[in-house]
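Here are my notes on the model, point by point. Please read them with the coordinates open.

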Protein chains: 2
Amino acid sequence: VVIIDAPEGRAVLTLYELGGLDGRRYSQFSWRATLALAHKGLTAQTIKVRVSDKAAIAFSKQDKVPILVDRETVVADSWKIAEYLEDDFLSGPSLFGCDTGRALTRFVNAFVDRQLIPKLAPLIMRDVVEIVDAEDAAHLRKQIEAAFRRSLEELAADRANEITGFRRILDPVRASLRAQSFLAGVSAGYADYILFSLFQWARIVSTFEPLESTDALVGWRERMLDLHDGLARSEPSRAERDGGAR
Amino acid sequence: VVIIDAPEGRAVLTLYELGGLDGRRYSQFSWRATLALAHKGLTAQTIKVRVSDKAAIAFSKQDKVPILVDRETVVADSWKIAEYLEDDFLSGPSLFGCDTGRALTRFVNAFVDRQLIPKLAPLIMRDVVEIVDAEDAAHLRKQIEAAFRRSLEELAADRANEITGFRRILDPVRASLRAQSFLAGVSAGYADYILFSLFQWARIVSTFEPLESTDALVGWRERMLDLHDGLARSEPSRAERDGGAR
């Protein structure tokens, strides 16, 4: 059930995240933690768990990944992990810049979670169930279909049109990126990782393109894929896995 | 046409803003500048212009208030004014906290301008034309009715129901304010002034209440009204002007 991947054998931190078929790292919230770790110059061993396997993470006394384990300390929830890394690993670059930056990043977190995810996730969940095992697929299907009261197929049926609603919500982001390279300014901050995690998730689970090719966010997404020696890009996209071009 | 109000006779800064009937200070973008000035401990003489009187501000080579004049320097646009105050008046408290804070405040600016204003403004423009003179009223009516392709009366007709759409967009703000007293954290920053300016405008031009009484934003709005010795509260609300209670 569990795949351990400790590339350099020297990690003291452990990150629990979701693993799909062929070890696909498809959890968007775990990508926030993964990129926050890289930003701070930290490495962690990753332990991949199946989304339906709540026993594997019962030690954390809650039922969601990511979970960061630092010796005796267990931190669940991507936002809390970011704060933990910021406050306990002072040597690396800041994720928030300052207290005001942290407070406003919290707003970006809520904006992405409450406005953007509910508009994009239902459109591509149909694809997600194809890249996880049968038990996880049944678990996710049940969860999403209960939340939206429609089948995954119905939710995705008109996505070519419905994606315009998602794109419209990105308008304030687009306006910001006309003035600066990243949401956080001249370089990426945790606010960028939050937003990017949604696009990284989409890229891994689906070949459906959420952005128009002329969108200013396309250039930003490329810059995000390039960060930390192409860390996010090193995870194959769904198109690459399927053998097509993207 | 112009009313000069220099309370302490020592202002070196001049702020051009809109003046309605009885000198009502109803420009939301000017409130951003007014509160930013107070935040920095600065005073300015205010010059009130009518919204249809473009000749009065032609010197600025554009046609919108607020405009800040600092001796030979003319700064138009509320965002640029905030940046000018932050960069040229280093002694007062920071409006942004740090560069990341500034970059993310720019996102909040775009969020308020592009998501919130278009949802609230059409619902209460019918009330605005009652608190400006006839020429300004005609100017505003023409402008808004052209933009939305409906009469001000039609736009406001179902506002008791349509306001729910506005309230829903505030959800990320609400989530942030559950964790902190202000958008910018433990104390107000320019991000708060941006958002508050919309509620301050609504309070001045209309008796229509945009928030439910149970909304967490109500407490935040009260805190904003209290700041800087009740600066925003000192401008009478529409309800107060009309002789009713609010």
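1. **Salt bridges, overall.** A salt bridge here is a side-chain nitrogen of Lys or Arg within 4 Å of a carboxyl oxygen of Asp or Glu. By that rule the structure holds 50 salt bridges over all chains. Side chains of opposite charge can pair when their charged atoms come close.

2. **Basis and numbering.** This is a predicted model, in which local features need pLDDT of at least 70 and side-chain atom pairs count only at pLDDT 80 or more, while totals for chains, interfaces and linings use all residues. Residues are numbered from 1 along each chain as its sequence is written, chains are lettered from A and ligands numbered from 1 in the order in which they are written, and side-chain values use heavy atoms, with hydrogens and water left out.

3. **Confidence.** The model scores ipTM 0.93 and pTM 0.94. pLDDT is the predictor's confidence in each residue, from 0 to 100. Chain A averages 94, and 94% of its residues score at least 70. Please check residues 6-11 of chain A: pLDDT stays under 50 there. For that stretch the model has 6 contacts beyond four places in sequence (contact means heavy atoms within 4.5 Å).

4. **The A/B interface, area.** How many residues of each chain are in contact across the interface? The count is 29 residues of chain A and 29 residues of chain B. The two chains bury about 2400 Å² between them, with 66% of it on carbon and sulfur atoms. Buried area is the accessible area (1.4 Å probe) that two parts lose on being put together, summed over both. L104(A), F107(A) and R114(A) supply 28% of the area that chain A buries against chain B, more than any other three residues.

5. The side chains of R114(A) and D171(B) meet in a salt bridge, N to O at 2.9 Å.

6. **What chain A brings.** Two or more residues each come from α3 (99-128) and α7 (171-179) of chain A. Helices (H or I, at least four residues) and strands (E, at least two) are DSSP runs, numbered from the N terminus. α3(A) gives the most, with 13 residues. The chain A side divides into 16 nonpolar, 8 polar and 5 charged residues. Ala, Val, Leu, Ile, Met, Phe, Trp, Tyr, Cys and Pro count as nonpolar, Asp, Glu, Lys and Arg as charged, and the others, Gly among them, as polar.

7. R102(A) and E83(A) meet at 3.1 Å, N to O. This pair links helix α3 to helix α2 (residues 78-88) of chain A, 19 residues apart. R102(A) is buried, at 17% relative accessible area. Buried means under 20%, exposed over 50%, partly exposed in between (1.4 Å probe, protein chains only). In chain B, R159(B) forms a salt bridge with D127(B), the closest N and O atoms being 2.8 Å apart. Here α6 (residues 159-169) is linked to α3 (residues 99-128) of chain B, 32 residues apart. R159(B) and D127(B) are both buried.

8. **Around S52(A).** S52(A) sits in the loop between β3 (44-49) and β4 (67-70) of chain A. Is S52(A) buried or exposed? S52(A) counts as buried because its relative accessible area is 18%. Its side chain joins that of D136(A) in a polar contact of 2.6 Å. D136(A) is also part of a network of salt bridges with R50(A), D133(A) and E135(A).

9. **Helix α2 of chain B.** In α2(B) (residues 78-88), 8 of the 11 residues are buried. Among them are W79(B), I81(B) and L85(B). D77(B) caps the N-terminal end, with a side-chain oxygen 3.0 Å from the backbone nitrogen of W79(B).

Notes. Polar contact = N/O pair within 3.5 Å; in protein donor to acceptor, adjacent residues only side chain to side chain.
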